[in-house]
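Thanks for coming. Please have a look at the structure on the screen before I start.

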Amino acid sequence: MTDCAKIRELLSWYANKTLSRGEAQAVAQHLASCSACRDELAQIVQLMWEFNATFAQMPSAPKKTWDKVIASTRGIAITQLDVGSFLLGISLGLSVPRTGLPRVRSDLRFFGQKIKLFDNQKGGTQ
Amino acid sequence: MESCDLLDHVARNDERAFGRLYERFADRIFRYALTLLRNRHLAEEVVQETMIAIWKNAESFGGRSQVSTWIFGIARNQAYTLLRREVAGERRSVEKLFLPDPAEEVEREEQVRAAMSALPVGQREVVFLAFYEGLSYGEIARILAVPEGTVKSRMYHAKQKLAGALT
Ligand SMILES: [Zn+2]
């Protein structure tokens, strides 16, 4: 492999600043005397910015995912009673955690916002 | 709090720390899974299964790697487990990787998205992990369980294709 080929394999990681100090020095030294690899780096930096912005536009995880995660880490949801309409509803949930008392809580959903009515256990993440 | 401290608390069944870890990683796992699977429903399952695996196995994180490397490694395993299950069952639908831009579509952005979607998945995930997650080739090699040279050459070929498609 020529010097340029070896250096070019490292340029993406030179651009994202994760090379070891020794590797980064070797790349910098090579760049000082090779305009072709400097052009290559400029191209990579532009791609990196563009792709970073593009990935950042990908959709986020759905909001309900956390509820599913917490339901299965706390225990098995025994009942999930969901009464209500699109805008207003009351949901009652009972789940059995790995340890301790069963958790009973009730939430009022109002215009998509959850308002806690009662919860027999304090703490935890909502 | 650093992610490794959060993980420490998670290992002691601290739900609040688990919530914060979720906030920090859910979208990143989701996007990585989308990059791999191109299916939102499956990507959501990957987030779920990965978080559950973290809750169950937090104490086994040895601190030998970065937390993100460990988590993306788990997510990747979950993604491929789901993929095998799906392939055995019905054909999954491939979706566009990106939401339509509510603002006016800029032609260049559209080209960038198309170029990314056209890459083989092995190259696409390296680009994601290096350019979005900012990981080193060593960390990416650990996540993919391939030699470092493989990661470097996948990136090199990805860059050639992307530059070719975008000029
Ligand atoms: Zn050179």
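First, the conventions. This is a predicted model, in which local features need pLDDT of at least 70 and side-chain atom pairs count only at pLDDT 80 or more, while totals for chains, interfaces and linings use all residues. Residues are numbered from 1 along each chain as its sequence is written, chains are lettered from A and ligands numbered from 1 in the order in which they are written, and side-chain values use heavy atoms, with hydrogens and water left out.

Now the metal. Which residues hold the zinc ion? They are A:C4 (SG), A:H30 (NE2), A:C34 (SG) and A:C37 (SG), coordinating at 2.1 to 2.3 Å. Donors here are N, O and S atoms within 2.8 Å of the metal, or 3.2 Å for Na, K and Ca; water is not among the atoms, so sites may look incomplete. Along the chain, the zinc donors are spaced as C-x25-H-x3-C-x2-C. The angles among the four donor atoms run from 101 to 116°, and the site is tetrahedral, a label given to four donors if all angles lie between 85 and 135 degrees. A:H30 and A:C34 are both buried, meaning under 20% relative accessible area; exposed is over 50%, and partly exposed is in between (1.4 Å probe, protein chains only).

Next, the cavity. A cavity is a set of points on a 1 Å grid over the protein atoms alone where a 1.4 Å probe fits but cannot get out, and lining residues have an atom within 4 Å of a point. Searching the whole structure gives one cavity of 30 Å³ or more. The lining of the largest cavity is made by A:R8, A:E9, A:S12, A:E40, A:I44, B:M155, B:Y156 and B:K159. By type, that lining has three nonpolar, one polar and four charged residues.

Chain B is divided into domain 1 (1-102) and domain 2 (104-167), with bounds from an automatic or database domain assignment. The C-alpha centres of these two domains of chain B lie 20 Å apart.

Last, backbone angles. Most residues other than glycine have a negative phi. A:K17 is not a glycine, yet its phi is positive, about 60°. Is A:K17 buried or exposed? It counts as exposed, at 75% relative accessibility. B:N13, also not a glycine, has a positive phi of about 60°. B:N13 is partly exposed, with a relative accessible area of 45%.

Terms used:
Four donors count as tetrahedral if all angles lie between 85 and 135 degrees; four count as square planar and six as octahedral if opposite donors are over 155 degrees apart and all others between 65 and 115; anything else is irregular. On a 1 Å grid over the protein atoms alone, a cavity is a set of points where a 1.4 Å probe fits but cannot get out, and a pocket is an open set with protein on both sides within 12 Å along at least five of seven lines; lining residues have an atom within 4 Å of a point. Grid points are joined across faces, edges and corners, and a volume is the space filled by probe spheres set on the points. Ala, Val, Leu, Ile, Met, Phe, Trp, Tyr, Cys and Pro count as nonpolar, Asp, Glu, Lys and Arg as charged, and the others, Gly among them, as polar.
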